[in-house]
Amino acid sequence: MAKLLEIQDLQTLFYTSAGTVKAVDEISYDVEEGETVAIVGESGCGKSVSALSILRLIANPPGEITGGKINFMGQDLLQLSDREIREIRGRDISMIFQEPMTSLNPVLTIGVQLTEAMEFHLGIDTEEAENRAVKWLEMVGISEPRRRLKQYPHHFSGGMRQRVMIAMALCCEPKLIIADEPTTALDVTIQAQILELMKDLSSRLGVALIVITHNLGVVARYADRVNVMYAGKIIESGTAHDIYHKPSHPYTLGLLHSVPRLDQPRKERLKPIDGQPPDLTKLDNGCSFRPRCSFLIDKCENHYPALEQVASGHITACWEREKLIQEHR
Amino acid sequence: MYNYILKRILLMIPTLFGAAFLVFFLLRLIPGDVCELRLAGTGLYADPAEIELCQEKLGLNQPMIVQFFDFLIGIVTFDLGESMWTGKPIFYEMGLRFELSLQIAIMATITSIFIAIPLGTISAIKQDTWIDYVVRTFSIAGIAIPSFWYGILIVLGILIFTQSWFGEPWMPPLDYVPIWVDPWRNLSQLIWPALATGYRYSAVATRMTRSAMLEVLREDYIRTARAKGLLEKVIINRHALKNSLLPVVTVIGIEFAFLMGGLVVTEQVFNLNGLGKLFVDSVMSSDYAMTQALVMVVVMVFVFTNFLVDIMYAWLDPRIRYA
């Protein structure tokens, strides 16, 4: 399959009074057409920032994209003018956000919020845009869509709002949708429905998906490829199967142990990862995971491990990967 | 929506009653009544019998509670009686003055809105740039400098510039004519005090617009709008402005009501015979009937303005409209 998006050495910094935060530190990954890629990590590891950086939605100040390339359909998004990137946003790449309660404008009708992007990007009139909006609302499973267009976000439940967000993201038929923790704020039962809907629509329409999540269950079920992030860097990358069954980084291993598994008998208690994620203003040359790592060796103190291949399409950044793989297979 | 409006209207009644109660009894705590002031105010000896006679004529010798009910009945039947000082009907005394004060208040509020909303918005969008600093300085100057001083500046400015441009000085007309009699003459007199007070009272609203806009621009739905690729101007006008106007509407409403009775000094500078001057004079002469009537008028303006503000709220925010 052809590469849709290639991110190379993307770096995003935040200049705060406490110091410079390396929120995203030279990460690289690809998304192929129609593929679902997951970005997994704890809160504050830079996964949302890396997603917002793709569409250059980082507020400046305090944030700034300081390096790298984001190649999308033959152009570097970081080099585009403000006008050009605006034409990509919502048209070729759209976003779904975490909080459906606050991501929709409370004073505008659903209809206005759905049609405005279509009118702007596709150059169609309001009537045509409304007809298409009705079609999209139907597609995301909202009943009586014609009547619903005139309603406001507070008339909708959380799950319904997220469906509206999905309809908004799809309405200009983009090539890529970035979903930033799309289900975190929803009830568990609704989470499954929303994910199912996203997966179904994206595969039916051939849209590539980047799903940002801290939920490994989501990853196992819906993603083709997984990038695990820690302290602003990608520390392991592979297919969902690789990550789930052959984790090769102590952090990934820790994440897996701290998630309840329903597909295996309950043999042992959940093991949380000890310690806290590091302060992103105080990173040194060593491995950022070492204070919490049980595979610690001397080399970790001063040398950040490079991403090395452990199998075809499966890379990890750990000096002790061989030992880890032997012990845990 | 109709329930909402009806509820607001019914809520006005206790407010008005409370205000009537307070003004009636507070006024009578001031020592000396209108009769004493008129007959003995200048330090002359007055015959106590004469004072009593005067009090009897004005009904001031009756028990307080009786006077209070007379006052309440007067409000309900729209019969406010006569001024205790001049003896003329209160409606006659207020008539033109109310009209003039209302017109200035409306014009000043419009001025204030036209200054506050665009400037506050620009200042928020350009936060921490020189534009923001200029706007903030401009609006702080509005609060810091009293409006009578602008008044003097404006009057002097008109004189000096008309002198140098047309060869002879031009003065705004000094006597008030209602707007429907001679709109041009009326506006050329009232536009100046309206500009002076409008600028002054725009300051708070400008800052309010700025801070509300800054807050709204950080909301998630603004990020959603950006992610849709909308033009910045659409994001501001359609997505941000309506959300940030709620607190601004409150401030402007309160200011409008205040302008109705509070422009004592500005009225002096521009030689206007408005409610503010009447207010001060009636308090000075312990003219209970006139002061009470004026307070009730101002309270009614406040209550009515708040009602309008509530309606505006509902118009701006569907969550209130459908609640």
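Colleague: How many disulfides does the structure hold over all chains, and how should I read that count?

Modeller: The general idea is that a disulfide needs a pair of cysteine sulfur atoms within 2.5 Å. In this predicted model, the count over all chains is 0.

Colleague: Is A:Cys172 buried or exposed, and what of A:Cys287, buried or exposed?

Modeller: Burial is read from the relative accessible area, with under 20% counting as buried. A:Cys172 has a value of 1% and is therefore buried, and A:Cys287, at 10%, is buried as well.

Colleague: Where does A:Gln11 lie, and which residues is A:Gln11 in contact with once its neighbours within four places in sequence are left aside?

Modeller: A:Gln11 belongs to strand 1 of chain A, which covers residues 3-16, and with a relative accessible area of 15% this glutamine counts as buried. Its contacts beyond those neighbours include A:Lys22, A:Val24, A:Asp25 and A:Glu26, together with A:Glu64, A:Ile65, A:Thr66 and A:Gly67.

Colleague: Which residues have the most contacts inside the largest nonpolar core?

Modeller: A nonpolar core is read as a set of buried residues joined through their side-chain atoms. The largest one here has 102 residues, and those with the most contacts inside it are A:Tyr29, A:Ile54, A:Leu176 and A:Ile210. Helix 6 of chain A, residues 158-170, gives the most to this core, with 7 residues. Another core, of 52 residues, lies apart from it, and B:Val34, B:Ile51, B:Leu275 and B:Met296 are among its members. Returning to A:Ile54, and not counting residues up to four places away in sequence, one finds that this isoleucine touches A:Leu5, A:Ile7, A:Tyr29, A:Ile70, A:Leu77, A:Ile93, A:Ile178 and A:Ile210.

Colleague: How many helices and strands does chain B have, and what share of its residues count as buried?

Modeller: Chain B has 14 helices and 0 strands, and of its 323 residues 46% count as buried. Its C-alpha atoms fill a box of roughly 85 × 60 × 35 Å along the principal axes. Among its contacts between residues at least 6 apart in sequence, 70% join residues at least 24 apart.

Colleague: What can be said about the surface of chain B and about its charged side chains?

Modeller: The accessible surface of chain B comes to about 17,100 Å², and carbon and sulfur atoms account for 70% of that area. Chain B carries 23 positive and 26 negative side chains, with the centres of the two sets 17 Å apart.

Definitions and conventions
Residues numbered from 1 in each chain as written. Chains lettered and ligands numbered in written order. Predicted model: local features only at pLDDT ≥ 70, side-chain atom pairs only at ≥ 80, totals over all residues. Heavy atoms only, no water. Helix = DSSP H or I, 4+ residues; strand = E, 2+ residues; numbered from the N terminus. Buried < 20%, exposed > 50% of the residue type's maximum accessible area, 1.4 Å probe, protein only. Contact = heavy atoms within 4.5 Å. Areas by Shrake-Rupley, 256 points an atom, 1.4 Å probe, with all protein chains shown as cover. Lys, Arg positive; Asp, Glu negative; His and termini not counted. Charge placed at Lys NZ, Arg CZ, Asp CG, Glu CD. Core = buried A, V, L, I, M, F, W, Y, C linked by side-chain atoms within 4.5 Å.
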